[in-house]
Amino acid sequence: MLKFEIRDLEGKRITHESRSMFIVHTSLLSVDGYIPSNDTNEGFPTPSRLAGTTITSLTHVRNPLPGKFLFIFNDLSIRQEGQYKLKFRMYEVLSDQGIVRFRTETISSVITAYSPKNFPGLATSSDLIKEIAQQGHKVRVRKESTLNRRRKRGAFEIQQSLPVH
């Protein structure tokens, strides 16, 4: 998720006054900033390491006022474990003129992709995620961390496997 703001010369937020449409495209980078190659295996290209929707448009989350403008990537995942960065490129779409104009880009800090076996679990959803879901946007809300669920399930399995006397 990326927060988006337009400010005037005095620093006042004027994002809500913009009539343009904005989109963001994301791509995967190695830690040193290069695009990881999709090596070929016996002449067949391997699939991209980045899965899900890599392009999204600006979303206005209206409450609490004055609201927030966000780019939400709700199904983005990395298919191969390792450390990476994400590159986000923003474009302005001037539909009345048929023009798409590059505006800016930014690169995330280092993120770690885990294999399913080594995944440490997810935390409960933040208040921001809950607000976004309440306003009808499609995001997954977690009521408890997946780490807590794993611990509870493990304790249940241990109790069931003990012999009853």
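Figure 1. Strands E1 and E7 run antiparallel and are joined by three bridges. This view belongs to a predicted model. Within the pairing of these two strands, Leu 2 has Phe 71 of E7 as its bridge partner. Strand E6, which covers residues 55-61, also runs antiparallel to E7, and four bridges join the two. Here Leu 58 has Phe 71 of E7 as its bridge partner.

**Figure 2. The largest nonpolar core.** This core has 14 residues, and those that touch the most other members are Phe 4, Val 24, Phe 71, Phe 88 and Met 90. At least two core residues come from each of four strands: E1 (2-4), E2 (21-30), E7 (68-71) and E9 (82-94). Strand E9 supplies the largest share, namely four residues. A separate core of six residues lies apart from this one and includes Val 61, Leu 70, Ile 129 and Ile 132.

**Figure 3. The surroundings of Phe 88.** Which residues are in contact with Phe 88, once its neighbours within four places in sequence are left aside? They are Leu 2, Val 24, His 25, Thr 26, Phe 73, Thr 104, Glu 105, Thr 106 and Ser 108. Among these contacts, Val 24 is itself one of the core residues that touch the most other members.

Figure 4. Lys 87, Arg 89 and Glu 105 are linked in a network of salt bridges. Side chains of opposite charge can pair when their charged atoms come close. The side chains of Lys 87 and Glu 105 form a salt bridge with an N to O distance of 3.9 Å. Lys 87 belongs to strand E9 and Glu 105 to strand E10 (residues 99-107), so this pair ties together parts that are 18 residues apart in sequence. Arg 89 and Glu 105 also meet through their side chains in a salt bridge, at 3.4 Å from N to O. Because Arg 89 lies in strand E9 and Glu 105 in strand E10, this second pair ties together parts that are 16 residues apart in sequence. Glu 105 is partly exposed, with a relative accessible area of 38%, and Arg 89 is likewise partly exposed, at 26%.

**Figure 5. The salt bridge between Arg 103 and Glu 92.** The model has three salt bridges in total, and one of them joins Arg 103 to Glu 92, with the closest N and O atoms 2.5 Å apart. This pair links distant parts of the chain, since Arg 103 is in strand E10 and Glu 92 is in strand E9, eleven residues apart. Is Glu 92 buried or exposed? Its relative accessibility is 8%, so Glu 92 counts as buried. Arg 103, by contrast, is partly exposed, with a relative accessible area of 41%.

**Figure 6. The largest pocket.** The largest pocket holds about 1,100 Å³ of space. Its lining consists of 23 residues, and Phe 73, Asn 74, Leu 76, Ser 77 and Leu 122 lie nearest its centre. Strand E8 (77-78), strand E9 and strand E11 (111-113) are the elements that give two or more residues to this lining. Strand E11 gives the most, with three residues. Rolling a probe the size of a water molecule over the atoms shows where empty space is left.

How values were computed: Residues are numbered from 1 along each chain as its sequence is written. This is a predicted model: local features need pLDDT of at least 70, side-chain atom pairs count only at pLDDT 80 or more; totals for chains, interfaces and linings use all residues. Side-chain values use heavy atoms; hydrogens and water are left out. A nonpolar core is a set of buried Ala, Val, Leu, Ile, Met, Phe, Trp, Tyr and Cys residues joined through side-chain atoms within 4.5 Å. Buried means under 20% relative accessible area, exposed over 50%, partly exposed in between (1.4 Å probe, protein chains only). Contact means heavy atoms within 4.5 Å. Two strands pair if DSSP finds at least two bridges between them. A salt bridge is a side-chain nitrogen of Lys or Arg within 4 Å of a carboxyl oxygen of Asp or Glu. On a 1 Å grid over the protein atoms alone, a cavity is a set of points where a 1.4 Å probe fits but cannot get out, and a pocket is an open set with protein on both sides within 12 Å along at least five of seven lines; lining residues have an atom within 4 Å of a point. Grid points are joined across faces, edges and corners, and a volume is the space filled by probe spheres set on the points.
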